[in-house]
Amino acid sequence: MGKTNKTLRIIAGLVGILLINLSFAVICLLSHSVSAIFYLLLSAIGFAQFIYGIPLLIYLWYSNRGSTIPGVWLGMGITVLVNAGYYLFWIMRLQGR
């Protein structure tokens with residue numbers, strides 16, 4: 001596999017997991033009036049993404065699409081860091097009061 005093709009597969013994995021995260025967030029926003037669990041899942045999306053991220057990684061591994069896996073991990077890491085920044089913002093804001 002060429003270097004360009006491998007780079008495109010990594011970018012596809014990154015964009016794919018970020019789109020899945022966005023879809024999950026929209027579903028949680030639309031469903032939070034049904035149950036409070038959706039609000040909790042939305043606020044902790046960095047952790048909640050493992051509900052669908054790990055099965056996606058397993059599927060990619062067994063379907064011989066291993067070059068996409070680093071992009072998925074990268075997207076999951078970005079989501080975790082953004083979610084951690086969200087919590088850090090609110091912790092620091094509450095500390096300032």
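Author: Thr 68 sits in the loop between helix 4 and helix 5. Helices here are DSSP runs of H or I, at least four residues long, and strands are E runs of at least two, both numbered from the N terminus. The model is predicted, so local features need pLDDT of at least 70 and side-chain atom pairs pLDDT 80 or more, while totals for chains, interfaces and linings use all residues. Numbering starts from 1 along each chain as its sequence is written, and side-chain values use heavy atoms, with hydrogens and water left out.

Is Thr 68 buried or exposed? Thr 68 is buried, because its relative accessible area is 7%. The cut-offs are under 20% for buried, over 50% for exposed, and partly exposed in between, with a 1.4 Å probe and protein chains only. Thr 68 touches Arg 9, Gly 13 and Leu 60, residues up to four places away in sequence not counted. Contact means heavy atoms within 4.5 Å.

Asn 64 belongs to that loop between helix 4 and helix 5 as well. Asn 64 is exposed, because its relative accessible area reaches 73%. Its phi is near 60°, a positive value in a residue other than glycine.

Now the core. Leu 60, a contact of Thr 68, is one of the 12 residues of the largest nonpolar core. Such a core is a set of buried Ala, Val, Leu, Ile, Met, Phe, Trp, Tyr and Cys residues joined through side-chain atoms within 4.5 Å. Other members include Ile 17, Phe 24, Ile 45, Tyr 52, Ile 69 and Met 76. Helix 1, helix 3 (45–48), helix 4 and helix 5 each supply at least two residues of this core. Helix 1 gives the most, with 4.

Take Phe 24, placed in helix 1. Phe 24 counts as buried because its relative accessible area is 16%. Beyond its sequence neighbours up to four places away, Phe 24 touches Leu 41, Ile 45, Ala 48 and Tyr 52.

Outside four places in sequence, Ile 45 is in contact with Asn 21, Phe 24, Ala 25, Tyr 52, Thr 79 and Asn 83.

Asn 21 lies in helix 1, residues 3–31. Asn 21 is buried, because its relative accessibility is 6%. Which side chain does the side chain of Asn 21 meet in a polar contact? The side chain of Gln 49, at 3.3 Å. A polar contact is a pair of N or O atoms within 3.5 Å; within protein, one must be able to donate a hydrogen and the other to accept it, and residues adjacent in sequence count only if both atoms are side-chain atoms. Setting aside neighbours within four places in sequence, the contacts of Asn 21 are Ile 45, Gln 49, Tyr 52, Gly 75 and Thr 79.

Ile 20 is also in helix 1. Ile 20 is partly exposed, because its relative accessible area is 36%. Leaving aside neighbours within four places in sequence, Ile 20 is in contact with Tyr 52 and Leu 56.

Last, back to helix 4, where Tyr 62 is found. Tyr 62 is exposed, because its relative accessible area is 68%.
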